[in-house]
Every structure is written in C-alpha cells, then in structure tokens.
Amino acid sequence: MSYQKKILILGGAGFIGSHVVRRFIKKYPNFQIFNLDKLTYAGNLENLKDIEKAENYTFLKVDICDRKTIEQLFKKHRFDTVIHLVAESHVDRSITNPFAFVETNIMGTLNLLHAAQNVWKDSNSEKLFYHISTDEVYGTLEKTGLFTEETPYDPNSPYSASKASSDHFVRAFGETYGLPYIISNCSNNYGPNQFPEKLIPLFINNIINHKPLPVYGDGNYTRDWLYVIDHAIAIDVIFQKGKLGETYNIGGFNEWKNIDLVKILCQQMDDKLNRTAGESEKLITFVKDRPGHDLRYAIDASKIYKELGWKPSVTFEEGLSKTIDWYLQNHAWLKNVTSGDYQKYYEKQYL
Ligand code: NAD
Ligand code: TYD
C-alpha cells in the first residue's frame with residue numbers, strides 16, 4: 001500500500017508517546033506511522049499491544065544518540081513529519097545522573113535535527129519537526145502569575161535545563177537553516193501507562209501495597225495537571241493546525257498543591273478499594289525535600305484555546321478516577337514494571 005505521509009513518532013513506547021501513537025494509528029490509516037524508541041526502563045511495548053499488528057505501524061528499536069543509524073533512517077524513509085517525544089523525563093533521576101539527560105535530551109535531539117535538516121533541505125513537499133517540551137523550562141512561579149509563551153526560559157533542574165537546551169536547538173535550526181518546526185510546552189501529565197516513579201502512579205502503587213506516601217518537603221508545591229489523552233489530542237490538533245515557527249503552551253488551568261492532590265487520591269482509592277475512609281491518608285509521610293524544588297508551575301493555555309480551538313475533555317476528578325481504575329485493572333503491567341531495577345531505584349531514592 002502506498003501511504004500519503006510518513007510520520008516518525010519518537011519515544012512512542014513511553015507514557016505520552018504511546019497515547020500519541022495509538023491516536024495516530026487509529027485516526028490516520030493513510031499515514032505510515034513509525035515508532036522509534038530505545039526501550040529504556042521507561043519504554044514498554046506492552047503499552048501498545050492493542051495496535052502493534054496494525055497495517056500502518058512499524059516499530060524501530062533505535063537509540064537517538066546513535067547518529068549514524070539516525071542519519072541512515074532519515075535517508076531511507078525521508079519522513080514527512082517528526083513528532084519528538086524521546087527524553088529522559090524524571091527530575092529526580094536528573095539530579096542523580098545529569099549526564100544521561102544531556103546525552104539523550106540535547107545530543108540526541110541535535111542528531112535528529114541534523115538528520116532531518118540534511119534530507120529536507122532539497123525537498124519541495126511540506127515537512128514538520130514537532131518538538132514536545134515541558135513547562136519546566138520556564139523555571140518556577142511564586143504564588144501568582146502564569147507561564148505564557150513569552151515567559152523567558154529559566155530552568156532549575158538538570159532535566160529542565162536539558163529540555164530548555166533542546167528547545168533552543170530546535171529554534172536555532174529554524175532560524176539558521178530554515179527547518180520547519182513547532183514546539184509545544186505542556187504541564188504535568190497523568191493517566192494510564194505512566195511509569196510509577198512520577199507522583200501520581202507512584203502513590204497509587206504505594207497505596208495499593210500499603211506503603212508510605214513520600215511527600216517532599218511540606219507538600220505545598222503546586223503543579224498544573226493534564227490528563228494524558230488530552231495532551232495526545234492537543235498534539236494532534238497542533239500537528240494539523242499549528243503554525244510553523246510557533247510555540248504553544250498546553251494546560252488545563254488545573255493547579256493543585258501536592259498535599260491536596262494526594263488527599264483526593266487517597267479518598268478515591270479508599271473508595272475504590274473498599275477501605276475505611278482515611279486509611280490511605282495515614283500513609284502520608286513528609287520526607288526530605290527535592291534539591292532545587294520548583295515551587296509552582298501554572299500554564300496560561302489561552303493561545304491554544306483561542307487559536308486552535310483545543311481544550312481539555314475531562315475534569316481532574318474524572319481523569320484521576322479513570323487513571324486509578326486503569327492501574328487497578330492492569331495489575332500485571334504495574335507488577336512487571338516494578339520488578340527488577342525499579343526496586344534498586346526505589347531503595348536509592350526513598351530508603
Ligand atoms: P517517558 O519517560 O515515559 O518516555 C520516554 C520514552 O523515550 C521511553 O519510551 C524511552 O524508552 C524513550 N527513550 C529514552 N531515551 C531514549 C533514547 N536515547 N533513544 C530512543 N528512545 C529513548 O516520558 P513521557 O512522560 O512520556 O514524556 C514524553 C515527552 O513529553 C518528553 O519529551 C517530556 O519531556 C515531555 N513532557 C512530559 C510531561 C509529563 O508530565 N510526563 C509533561 C510535559 C512534557
Ligand atoms: P513529579 O511527578 O516527579 O513531576 P515534576 O517534578 O516533573 O513536576 O513530581 C510532581 C510533584 O510531586 C513535585 O512537586 C515533586 C512531588 N513529589 C513528591 O512529593 N514525592 C515524590 O515521591 C515524587 C515522585 C514527587
């Protein structure tokens with residue numbers, strides 16, 4: 001079959017990427033979808049079991065730091081669109097090992113930009129390098145204010161510094177070589193298939209297992225939460241309607257202090273697990289703070305609302321309930337990802 005477009009999704013075995021791959025496979029049968037992923041601890045092909053046999057799907061196990069292989073792949077397939085979700089993505093791991101973040105997030109992104117630029121420079125057809133980034137590049141907010149697309153970059157963690165750097169490289173390739181690009185910066189995601197090192201799935205897993213819930217510092221840190229499927233929809237909308245050279249902030253105006261979020265999570269879990277009200281809250285344990293902990297993230301998403309007509313489809317309570325149900329129904333997935341190296345990570349981070 002000859003396809004209208006070749007789309008390369010990078011990091012499609014990860015949390016957000018798997019939802020993007022699934023959406024594109026189902027929505028665009030006339031596009032050939034390539035999913036490139038190294039399958040690190042965070043990448044899991046189980047996330048895509050339901051679509052792995054689709055006609056228009058090809059998986060490529062490749063490390064984006066392998067420059068030669070990346071260049072060969074771009075020469076061979078001459079992709080029309082690149083949607084780049086590969087990253088080392090966990091702040092705590094970036095504090096322990098910043099080098100992996102520089103290698104994958106900066107050097108790996110540079111390899112992709114270089115390869116895309118090389119094969120696209122003589123092409124007449126429409127191309128797009130769509131880079132997925134985070135609100136953490138803007139640094140931290142005090143109690144008021146929102147991050148807009150004009151907020152200057154001011155990253156504080158090795159993770160956010162590496163993401164900021166990759167964003168700068170994407171923009172620089174646009175300015176210097178005319179690479180057609182779009183960047184989006186999204187707030188914290190939650191939902192099915194998130195690796196249980198991030199706050200919500202970690203706490204769900206610990207509640208299931210009656211383990212302490214390690215709240216960093218006083219718990220008064222604020223994050224702005226978006227259901228992962230709403231992020232995947234926003235990525236699709238930007239892919240279809242976004243303007244080249246633009247940045248879009250993605251968020252749902254949904255700020256929560258960590259401690260308030262954890263309490264709601266505990267209440268919903270007690271309910272779903274038929275436990276006595278208040279049982280899970282007793283697991284809350286205040287632990288040593290994260291170094292350089294950003295106080296507050298909050299996104300002004302009015303540009304994407306107004307210009308592209310996107311807004312979230314679920315409320316936080318609905319999204320959280322769906323998320324808990326998914327983890328309770330996918331016990332084997334959770335057990336599988338928390339065996340082996342996860343135990344070593346957990347001991348080093350928390351015990
Ligand atoms: P994730 O850690 O779940 O997935 C990352 C994927 O990248 C994994 O499948 C992993 O195997 C793959 N990968 C890592 N290093 C690789 C390499 N060198 N070569 C090829 N593949 C490699 O991350 P996520 O939470 O799905 O985040 C996806 C993107 O969205 C990232 O760029 C992240 O910065 C951004 N983002 C995440 C959030 C969030 O809350 N999770 C919010 C905003 C933006
Ligand atoms: P996280 O899910 O790691 O996302 P990010 O750091 O990228 O925002 O953390 C979300 C918030 O929860 C953040 O303020 C740190 C806090 N947190 C805890 O209090 N305890 C934990 O064990 C983890 C993983 C996070």
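A polar contact here is a pair of N or O atoms within 3.5 Å; within protein, one must be able to donate a hydrogen and the other to accept it, and residues adjacent in sequence count only if both atoms are side-chain atoms. With that in hand, welcome to the structure. This is a predicted model, in which local features need pLDDT of at least 70 and side-chain atom pairs count only at pLDDT 80 or more, while totals for chains, interfaces and linings use all residues. Residues are numbered from 1 along each chain as its sequence is written, chains are lettered from A and ligands numbered from 1 in the order in which they are written, and side-chain values use heavy atoms, with hydrogens and water left out.

**The two ligands**

Let us begin with ligand 2. There are 20 residues around ligand 2, and Glu136, Arg223, Arg290, His293 and Tyr350 come nearest; a residue is near a molecule if one of its heavy atoms lies within 4 Å of it. Ligand 1 has 28 residues around it, of which Ile16, Asp37, Ser89, Tyr159 and Lys163 come nearest.

| Ligand | Residue | Part of residue | Distance |
|---|---|---|---|
| ligand 2 | Asn188 | side chain | 2.9 Å |
| ligand 2 | Asn258 | side chain | 2.9 Å |
| ligand 2 | Arg290 | side chain | 2.5 Å |
| ligand 1 | Phe15 | backbone | 3.0 Å |
| ligand 1 | Ile16 | backbone | 2.8 Å |
| ligand 1 | Asp37 | side chain | 2.6 Å |

**How the helices pack**

Two packed helices are described by the angle between their axes and the distance between the axes. Axes are lines fitted to C-alpha atoms, for helices over the stretch in contact, and angles run from 0 to 180 degrees between N-to-C directions. Helices (H or I, at least four residues) and strands (E, at least two) are DSSP runs, numbered from the N terminus.

Helix 6 (residues 199-208) and helix 8 (residues 258-272) have axes that come within 11 Å and cross at roughly 40°. That makes helix 6 oblique to helix 8; angles under 35 degrees count as roughly parallel, over 145 as roughly antiparallel, 65 to 115 as roughly perpendicular and the rest as oblique. On the helix 6 side, the contact (heavy atoms within 4.5 Å) is made by residues including Leu199, Phe203 and Ile207, and on the helix 8 side by residues including Asn258, Leu261 and Met269.

Helix 6 also packs with helix 12 (residues 341-350), at an angle of about 100° and with the axes 14 Å apart. These two helices are therefore roughly perpendicular to each other. Leu202, Asn205 and Asn206 of helix 6 make the contact with Tyr342, Tyr346 and Tyr350 of helix 12.

Helix 8 has a further partner in helix 10 (residues 316-329): their axes come within 11 Å and cross at roughly 55°. Helix 8 and helix 10 are therefore oblique to each other. Among the residues that meet here are Leu261, Leu265 and Lys272 in helix 8 and Phe316, Glu317 and Asp325 in helix 10.

**A loop residue and its partners**

Finally, look at Asp50, found in the loop between strand 2 (31-37) and strand 3 (57-61). Not counting residues up to four places away in sequence, Asp50 touches Arg22 and Lys26. Asp50 and Arg22 are 28 residues apart in sequence, and their C-alpha atoms are 8.5 Å apart in space. Their side chains make a polar contact with each other, at 2.8 Å.
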